[in-house]
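Biologist: Could you walk me through this one? I'd like to start with the core and then move on to the annotated sites.

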Amino acid sequence: MKTLITNIKELVQVREHTISKLQGIEMKELPSIKNAWLLIENECIADFGSMDSLPTLEVDSKIDATGKMILPSWVDSHTHLVYAGNREQEFVDRINGLTYEEIANKGGGIVNSAQKLQQTEEDSLYEQTVKRLKEVIQLGTGAIEIKSGYGLTLEAELKMLRVIKRLKEEFPITIKATFLGAHALPKEYKDNREAYIDEIVNVMIPKIAEEQLADYVDAFCEKGYFTVEDTIRVMEAGKKYGMPAKIHVNQFNAIGGIKAGVENSALSVDHLEVMNTEDIEALKGSETMPVALPSCSLFLSIPYTPAREMIDAGLPLALATDYNPGSTPSGNMNLVVSLACIKMRMTPEEAINAATVNAAYAMGISETHGSITKGKKANLILTKEIPSYGFLPYSFGSNHIENVFLEGQPLN
Ligand code: NIG
Ligand code: FE
């Protein structure tokens, strides 16, 4: 099956070869071809070029993209898409003056979601999640990482991971699963955090590895949640079972999680709203991708990741949504890219690089996603008629997506 798209106003994020990650000033360049064509063969990008050099091709279908642009789909490398119900009441509580921390201390927050999830049947959890997945696909997301972490018991964590497995089987979007048992301390372990980490390391991780239900492990390394030592234990256990780490660090406090992540070859360290000089130094020259989650900063009214400082120090940066019921009930990567420009002073080029090439690195899928490169998955965004790619973040809140392609197939 061959599809030819012609007269593309601008084909964006064109890379001759797979690049693993972009850092520092490299992020300022966003290569593109104006007035371009693109050939899709089965599920992959087969070829592309300028309309001046369009060869004669036998194809099954043709799309005229006059005035419209093509980008690689967004890669959302950090979500908690599987959850039960919502936490709208906590949203109102915060409007009325409570903080995220005060709500968690009152028994709200993550344990509130865990209670709801434990009482929800697997099929219902699946259906609730499907709605969100369909929504983010229409918003241009073509690859997504999904975490567990609202189960907090072996049984409920397995339930979440089975839901993710079923999504992988049923949907053409690329999905990676992350085990986040160390998300919050279950009530039963209130005075015995170490015993819960023992359970994660000795029981949960081996079981999940045996059933091949997760690609990565995660922990919420934060005051009042899990210590750096706890996080290291989780990362080491993950490594032992072939699951690298992607960790939650520096959301509210800088307690040394970034250095620990780098030392344990974490694929990514995510959140980073609070960064100090040692954190930036630890990331320099490392293989660990820093990931910013600006829609979480927006929703919780907390600081934004200091992107300018990080990129100017030569670091790479990726962007993700953090879609979850508590701190970011939104999976809109278009909004994330806008916020990165508006609130983090990233240029449109830097933000688009962060949401594609660098995001693919943070998900471990650089070989197949994140750029317009021959042989990569034809997971694409076709825009409506827009004047330039910078118009996407500029006109925040508008939807400029006309169609999306997953594995070469148009969705609409
Ligand atoms: O990434 N910070 C930890 N976990 C989630 C929020 C969890 C929740 O509030 O339900 C996050 O923001
Ligand atoms: Fe998160």
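**Core, domains and sites**

Modeller: This is a predicted model. Of the 124 residues in the largest nonpolar core, the ones that touch the most other members are I70, L319, A340 and A355.

Biologist: And why does that core lie between domain 1 and domain 2?

Modeller: Domain 1 (2–72 + 370–410) and domain 2 (75–363) both contribute residues to the core, so it lies between them.

Biologist: Take A340, then; what is A340 in contact with, leaving aside its neighbours within four places in sequence?

Modeller: With those neighbours left aside, A340 is in contact with A292, P294, A307, L319, M346, A351 and A354. L319 is also named with A340 among the core residues that touch the most other members, while A351 and A354 are buried residues of helix 13.

Biologist: What covers the buried residues of helix 13?

Modeller: The cover includes strand 6, helix 11 (307–312), strand 13, helix 12, helix 14 (357–363) and helix 15.

Biologist: Back to the two domains. How far apart are their C-alpha centres, and how many residues are in contact?

Modeller: The C-alpha centres of domain 1 and domain 2 lie 29 Å apart, and 26 residues of domain 1 are in contact with 34 residues of domain 2. On the domain 1 side, the elements that give two or more residues are helix 15 (391–394) and strand 15 (401–406), with strand 15 giving the most, namely three residues.

Biologist: What classes of residue are on that side of domain 1?

Modeller: The side of domain 1 that touches domain 2 has 13 nonpolar, nine polar and four charged residues.

Biologist: Changing topic: which residues does UniProt list for "binding site"?

Modeller: An unreviewed UniProt entry lists R87, Y150, H183, Q251 and S327 under "binding site", and UniProt also places a "binding site" feature, again from an unreviewed entry, at Y150, N324 and G326.

Biologist: Let's go through them. Where is Y150, and is it buried or exposed?

Modeller: Y150 lies in the loop between strand 7 (141–147) and helix 5 (154–170), and it counts as buried because it has 30 C-beta neighbours inside 10 Å. Not counting residues up to four places away in sequence, Y150 touches H80, Y83, I110, S113, A114, L117 and M160.

Biologist: And N324, where is that found?

Modeller: N324 is in the loop between strand 13 (318–319) and helix 12 (333–344), and it is buried too, with 26 C-beta neighbours inside 10 Å. With neighbours within four places in sequence left aside, N324 is in contact with H80 and Y83, both of which Y150 also touches.

Biologist: What about R87? Which loop, and buried or exposed?

Modeller: R87 sits in the loop between strand 6 (74–76) and helix 1 (88–95), and R87 is buried, with 22 other C-beta atoms within 10 Å. Residues up to four places away in sequence not counted, R87 touches N112, S113, P325 and G326.

Biologist: Which residues are around ligand 1?

Modeller: Around ligand 1 are G109, I110, S113, F220, H248, Q251, C296, D322, N324, P325, G326 and S327.

Biologist: Last one: where is K168, and how far from V262?

Modeller: K168 is in helix 5 and counts as partly exposed, with 14 C-beta neighbours inside 10 Å. K168 and V262 are 94 residues apart in sequence and 29 Å apart in space, C-alpha to C-alpha.

Key:
Residues numbered from 1 in each chain as written. Chains lettered and ligands numbered in written order. Predicted model: local features only at pLDDT ≥ 70, side-chain atom pairs only at ≥ 80, totals over all residues. Core = buried A, V, L, I, M, F, W, Y, C linked by C-beta atoms within 7 Å. Buried ≥ 20, exposed ≤ 12 C-beta atoms within 10 Å, placed from the backbone. Domains from an automatic or database assignment. Contact = placed C-beta atoms within 7 Å. UniProt positions renumbered as here; feature names shortened; annotations may be inferred. Helix = DSSP H or I, 4+ residues; strand = E, 2+ residues; numbered from the N terminus. Near = placed C-beta within 6 Å. Nonpolar A, V, L, I, M, F, W, Y, C, P; charged D, E, K, R; others polar.
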